[in-house]
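Subject: Structure handover

Hello,

Here is the structure we talked about, with its sequence. Please open both before reading my notes below.

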Amino acid sequence: MSSHVPPVDLKAEFREISSAATKRLQDIFKSGRYILGEEVARFEREFARFIGTRYAIGVASGSDAILLGLMALGVGPGDEVITTPFTFIATATSIARLGAKPVFVDIDPDTFNLNPALIKRSITKRTRGIIPVHFYGTPCRMDAIRKLAKRHRLFILEDCAQACGAYFRGKRVGSLGTIGAFSFYPTKTLGALGDAGAITVSDRKLYEKLKSLHLHGEDGKFHSYRHLMVGINSRLDAVQAAALNVKLKRLNQWNQARRRAAARYTQLISAANIPEIQMLKEPAGLQSVFHQYAVRAQSRDALYAYLKSKGIGVSIYYPIPLHLQPCFRPLGYRKGDFPEAERASREVISLPLYPQISLKQQKDVVKALKSFYS
Ligand SMILES: *Cc1c(COP(=O)(O)O)cnc(C)c1O
């Protein structure tokens with residue numbers, strides 16, 4: 001059997017938007033205006049409306065969105081910020097870059113997200129906030145997290161990098177905390193033509209601070225060269241904004257297609273009766289956008305190698321939990337500290353999933369899964 005199913009298919013996505021996107025890109029080339037400008041302003045307006053916040057700010061990447069969010073919230077040396085060890089490295093390095101300490105809390109094995117029941121015991125006098133990560137596109141239990149944050153006066157910075165468009169009880173992620181951070185890395189549910197990101201916020205003071213911080217702390221007039229704060233250079237450029245403006249119009253439709261494809265996997269895998277594979281359950285009230293369709297698998301590493309050899313584009317997000325990353329050795333965590341995050345890192349495997357995946361491709365994936373275990 002030699003089926004080729006890519007992990008994502010950005011070419012198929014581009015085919016859907018190519019005429020609209022090409023037109024806008026040509027307009028940008030003709031204008032010669034590549035930084036900020038009307039496309040960026042339009043995207044910021046539309047994106048805020050889409051998420052349901054008062055403001056959105058385009059930035060250069062999802063990592064910068066998290067970093068800038070923490071900078072605006074005044075996080076610095078001596079502060080502690082609670083987050084999950086089962087996430088992409090940028091969630092926690094952003095905390096560390098500001099001299100603050102990432103404090104990890106284990107995940108809920110059913111959702112792979114921060115377990116709210118375990119947060120309380122990690123709150124200290126130094127705790128400033130929580131970064132819930134809506135991992136694989138599944139919203140965190142934001143009701144419980146918000147209750148804790150309110151009681152202990154903590155900020156919530158939602159890491160929405162994998163969950164653009166997902167809902168928690170009828171509200172979009174990115175509108176449920178103090179600040180939302182988004183990545184438009186090309187493979188995310190809303191992807192740019194390179195690196196890009198955004199911050200969502202409703203508080204006016206925070207918004208104004210963020211507006212300044214991402215433009216080197218300038219006083220609100222671009223190229224005034226008067227700097228109120230020590231900021232960074234992190235702008236969304238016009239080319240990325242143009243692509244995002246075209247794609248944002250399709251996002252609901254694409255996310256629905258992801259959900260349908262995920263439901264199809266669940267059906268096909270159940271019907272194939274593969275007890276070695278355990279599927280993720282979507283809890284009531286949460287609407288995932290299935291950035292990843294991840295399952296737990298017995299003999300995961302051998303399965304991964306086998307599927308790769310058959311041309312099936314599987315991936316592992318992520319093989320090493322953050323508390324065991326060499327760069328975080330100074331934090332003093334040990335193996336065994338977060339058993340669920342460690343088990344997830346050993347067991348998870350993401351199957352190919354993108355809006356344009358065909359039934360035939362999904363059947364090929366499940367056939368290959370079945371053949372590995374039989
Ligand atoms: C992708 C991702 C980021 C970082 O986004 P970049 O745009 O690549 O900087 C942060 N957090 C999570 C959970 C991500 O998946």
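There are zero disulfides in the structure, a disulfide being a pair of cysteine sulfur atoms within 2.5 Å. The closest cysteine sulfur to that of C140 belongs to C160 and lies 9.0 Å away, which is too far for a bond. C164 is in no disulfide either, as the nearest cysteine sulfur, again in C160, is 7.9 Å away. C140 is buried at a relative accessible area of 0%, and C164 is buried at 2%. Buried means under 20% relative accessible area, exposed means over 50%, and partly exposed is in between (1.4 Å probe, protein chains only).

Please note that this is a predicted model, in which local features need pLDDT of at least 70 and side-chain atom pairs count only at pLDDT 80 or more, while totals for chains, interfaces and linings use all residues. Residues are numbered from 1 along each chain as its sequence is written, and side-chain values use heavy atoms, with hydrogens and water left out.

Next, the sheet. Seven strands make an open sheet with mixed pairing, in the order β1-β9-β8-β5-β4-β2-β3. Helices (H or I, at least four residues) and strands (E, at least two) are DSSP runs, numbered from the N terminus, and two strands pair if DSSP finds at least two bridges between them. The edges are β1 (55-59) and β3 (101-104); each has a single partner strand, so one side of each has no neighbour in the sheet. On average, neighbouring strands are turned by 25° against each other, direction ignored. Strands β5 (residues 155-159) and β8 (residues 179-183) pair in the parallel sense over three bridges, and D159 stands opposite A181 in β8.

Helix α3 (residues 62-72) touches β1, β4, β5, β8 and β9, and its direction makes about 160° with that of β8. Helix α5 (residues 142-151) touches β4 and β5, at about 150° to the direction of β5. Contact means heavy atoms within 4.5 Å. Axes are lines fitted to C-alpha atoms, for helices over the stretch in contact, and angles run from 0 to 180 degrees between N-to-C directions.

Last, a helix pair. The axes of α8 (residues 251-272) and α11 (residues 359-373) come within 10 Å and cross at roughly 35°. Residues meeting there include A261, Y265 and L268 in α8, and V365, V366 and L369 in α11.

Regards
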